[in-house]
Amino acid sequence: MNEMKQAVCLQNVSAGYGSITALENINLTIKKGSFTGIIGPNGGGKTTLLKIMLGLLEPWSGQVEIFGQNPKYNRRLIGYVPQAAAINRQFPISVRQVVSLGRMAGKLPIFHRYSSVDRDRVKWCLNRLDVLDLAERQIGQLSSGQWQRVLIARALAVEPALLLLDEPISGLDASASTRVYELLQELNQEMTIIMVTHDTLAISAYVRDIACINHRLHYHGEPDISPELVIQLYGCPVELIAHGVPHRVLEKHGGKS
Amino acid sequence: MISALLQYSFLQNAVMGALLASIACGIIGAIIVEKKLVMMSGGIAHTAFGGIGLGYYLQVEPMYTALGFSMFSALSIAQIQRRSTVMPDVLIGMFWPLGMALGILFISFTPGYPPSMSTYLFGDILTVSVKDLLVMAILDSLLLLITISFFHLLQAYLFDEEFSNALGLPVVLAESLTYAMIALTVVVLIRVVGIILILALLCVPPALARIFRADLPGIMGLSVILGAMFCLAGLAISYHYNVASGAAIVILSVLVYTLVQLLSGSGRILFHRKHLAVDSSDESVHTMKK
């Protein structure tokens, strides 16, 4: 029964592309109900890790389990929020249609129609993310904050037990990011959340666990990061705000700036 | 021309051909413009020339061999793309001339005088036969059937492939259907605009339609109507001035597109202002509504 308490369980996972290794021997267990931030430098394998959890990328070796099963068989339990900038917002589709796509999982693709249950769930998600009044807008006509919330609504439409987000606040201003984080905190009461982020502020204020990835897993636990770890991870001290001390900057960039 | 239309069956065929072509060009045109597969479609269209050459060489209907060639290359290109990291551009650069080269090869093997290829290269809507119309109608029905029955899957694939994969949707099926539909469209359009000029008829109607509509079915529908207008007008020009129908349709449609873009320039500035207002922040949108 122990494994049912785990949302994600990676054992000795190595992965990469072609001859390039992105992740080496990762052992990571994420408990059900946690709010975990994945941090690390660019090219450190954060997105690769996310893709492995989503079942989009087969690891070279090791075992991946999402709620005790191969992610391929548990896709309906995962809500994925990709990087907002990765999507073509010129595409002729309305907010409601985007969120509805989350309802297609596990359905027969031929002659597919949305049921009234689907439509109700979509409406509920739009309302929860406060974008119901924008439902018929083409997605290009949204602000960055609204667009980010639409992507979260689409992931919620899946009715996930695990929410995976890839840099959910990149490009958002302070008030829009706060709004997203507060929402994620609320959602965390119902589901496990894993978020790739560069935002060190969020780590101290909202996230309950962090995992530091730079090809290897350097740290996993409460967000009390020592300056030594940061140096080990990023190669130089970056601005970082310590847990529980929201305005203390640990160290400025020194030396080669 | 109206009295001639009632009198001559070749003109009636031409009108039917124009209408059938517009269905294919509107639906698939919208898909390839949104998925950025325009040049890919050009590549697939040119592979059909190899099929036409083979048809002459084997003395069978060139439309059928063209369909076989474009379908085979479309699905092969999709398959190679899935298995490797090669850029689509590179594959287009290979398959496009490969089709043309095979066509020339087969035609030079064909005994006797080389046949005139201009019908297939530039289109000749005035010589469309009843048999051509039948083929076009069958392929059009197939295109409509696929688009309607797989609409949500196609929409998901065209809009966000990665998310569709994460959901476990059959993305490979969606991609194969899309590429197969491009191959079918090429064959529908060959007799009307010809291999070389297909791209314009695929691009212009959806490019115009998306100025006025922001939903995929709307763009498809409006593209069909615009495509029909261009084809019929092109047919009239082709009949009156005795020029290749493909040339008339392409020149007309690109001219109309350019004029619309130039004339709507002032309108677009207003449109942009509206965009900027919406874009600034959530709060400003809310206050604007109040």
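Good morning. I begin with A:Asp173, which lies in the loop of chain A between strand E6 (162-166) and helix H5 (174-187). Helices (H or I, at least four residues) and strands (E, at least two) are DSSP runs, numbered from the N terminus. The model is predicted: local features need pLDDT of at least 70, side-chain atom pairs count only at pLDDT 80 or more, and totals for chains, interfaces and linings use all residues. Residues are numbered from 1 along each chain as its sequence is written, while chains are lettered from A and ligands numbered from 1 in the order in which they are written.

A:Asp173 and A:Ser144, 29 residues apart in sequence, are 9.0 Å apart in space, C-alpha to C-alpha.

I turn to the sheet. Six strands of chain A form an open sheet with mixed pairing, in the order E5-E6-E7-E3-E8-E9; two strands pair if DSSP finds at least two bridges between them. Strands E5 (78-81) and E9 (216-221) of chain A stand at the edges, each with a single partner strand, so one side of each has no neighbour in the sheet. Strand E8 (residues 209-214) of chain A pairs with E9(A) in the antiparallel sense over five bridges. The bridge partner of A:Asn214 in E9(A) is A:Arg216.
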